[in-house]
Amino acid sequence: MKEKIGITTWYSPGNYGTGLQAMALSSFLSNLGYDVYMINDKRLVKNNVGIIFKIEHKLMRFISGEWFIKQKYKDRLIVKEGLQSDFLNEYQNIYEINNDSDVDWLNNNVHLFVSGGDQIWNPYFYEKMFFLDFVYDNDKKISFGTSVGVNKIPEELKNEYRNNLCKYKKISVREPMSKEALADIVDQVEVVGDPTLLLSNKMWNHFLNKASIDKKKYSMPFILCYFVGERKDYWKYVEKMHKDTGYNVIVVPINKASYQNNYEKYVEVSPAEFLWLINNATIICTDSFHATLFSIRFKKEIYILKRFLDGSVDSQNGRIYDLLNRYHLEKLIIDDESSFKRNQNIDYGYAEKCIVKESENARKWLIEAIEQ
């Protein structure tokens, strides 16, 4: 009988990088022969806080006009969510926690619990589930490639973080910035990189080749735009790119600002299509950590815009800086958005070597942490 491993991370459809990093971790562990469960604590949305948050979120979308904008794309969005769910569920088993009996079953049957991945320890999105608070045995708790997302933990949360993290058997994070943020909270934190590094380029090519896409339509050079943030200034820079190159602009929208422009929207995008578009775009313009990482792995011409003001307390730009500094690709981030200058000869040689080494170290760390 296979040993079971439970994972807590962001994984639901929406942000493509979030889904892909969860799938990577789940797929890697499944390929090692484990029975892997993606844990979804449904109790979170049954309490008053969850209900209030949902109501507030829907009200804000209505007031901002986002609801009206998305109504235009309603049918296409339904298709998109179905494509995303189908693709991710093909590689993930979901286990829902609805009551205490479900928690007992997990603790009695799961060999190891892993919390890891995309900003699950960000203090501005704090959620106890991502600290494995429901796990009885501390020797069953590890973190892999977890991101804090910001430069430091607010003072009022440090004790809570300390109480949570001291119960882990082993802790690894995604970037040096996350290690520094936890330096005065917990000892022996290691950096292993992002969970997507667990899978080889050959495996990612296998996934993107599953894309259901009109390849003739995208046979001409095009600029792919994928923005997680909603800065309106993004589109001024995109317009400069469009005018300078003459290339068609394709937008994969996931927020209000990305729907409010005159460029072509490609809504019905599963993770496979997302990877295919990155791999086949002539130019990529993004503010996304994972779109950046995959662009580097596919050796693409990329222009990275800043999602946050560098000085803001909740800025997540540090994740991108860490990544680019590590690969000696600091020049890929755009500091001056007032003009566009092409960079068609990006040297990815050093980055490629780093990624090979990081991938090997990440796989080794995770296997050893499981087997100890």
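Me: How many salt bridges does the structure hold?
Reply: There are 19 salt bridges in it. Keep in mind that this is a predicted model.

Me: OK, what about R43 and D100, how far apart are the N and O there?
Reply: That's 3.8 Å, N to O, between the two side chains, and they form a salt bridge. R43 sits in the loop between β2 (35–41) and α2 (48–64) while D100 belongs to helix α5 (residues 100–109), so the bridge ties together parts that are 57 residues apart in sequence.

Me: And is D100 buried or exposed?
Reply: Exposed, because its relative accessibility is 55% and the cut-off for that class is over 50%. R43 has a relative accessible area of 27%, so it's partly exposed.

Me: Which residue does R231 pair with?
Reply: E337, with 2.8 Å from N to O between the side chains.

Me: Why does E337 count as buried?
Reply: Because its relative accessibility is 19%, and buried means under 20%. R231, at 24%, is partly exposed.

Me: What does R342 bridge to?
Reply: E301, through a side-chain salt bridge of 2.7 Å, N to O. E301 is in strand β12 (residues 301–304) and R342 in the loop between α13 and α14, so to speak a link between distant parts of the chain, 41 residues apart. E301 is buried at 10% relative accessible area, whereas R342 is partly exposed at 24%.

Me: Switching to the inside. Which residues have the most contacts in the largest nonpolar core?
Reply: W204, Y327 and L366, in a core of 72 residues. Another core, of 30 residues, lies apart from it, and F113, I120, V148 and Y161 are among its members.

Me: What is W204 in contact with, leaving aside neighbours within four places in sequence?
Reply: L20, M23, A24, T196, L199, L275, F294, R297 and F298.

Me: And which residues of α8 are buried?
Reply: W204, F207 and L208, in a helix that covers residues 201–208. Looking down the axis of α8, the buried residues fall within an arc of 95°, so they line one face of the helix.

Me: What do those buried residues pack against?
Reply: Four helices are on the list: α1 (16–31), α4 (74–89), α11 (271–280) and α12 (289–297).

Me: Last one, back to the outside. Which residues make up the nonpolar patch on the surface?
Reply: W10, Y124 and F125, and together they have about 320 Å² of accessible area. Y124 is in the loop between β4 (112–116) and β5 (141–146). With 40% relative accessibility, Y124 counts as partly exposed.

Conventions:
Residues numbered from 1 in each chain as written. Predicted model: local features only at pLDDT ≥ 70, side-chain atom pairs only at ≥ 80, totals over all residues. Heavy atoms only, no water. Patch = residues over 30% accessible without salt bridge, like charges linked within 9 Å, V, L, I, M, F, W, Y side chains within 5 Å. Areas by Shrake-Rupley, 256 points an atom, 1.4 Å probe, with all protein chains shown as cover. Salt bridge = Lys/Arg side-chain N within 4 Å of Asp/Glu carboxyl O. Helix = DSSP H or I, 4+ residues; strand = E, 2+ residues; numbered from the N terminus. Buried < 20%, exposed > 50% of the residue type's maximum accessible area, 1.4 Å probe, protein only. Core = buried A, V, L, I, M, F, W, Y, C linked by side-chain atoms within 4.5 Å. Contact = heavy atoms within 4.5 Å. Arc of directions from axis to C-beta.
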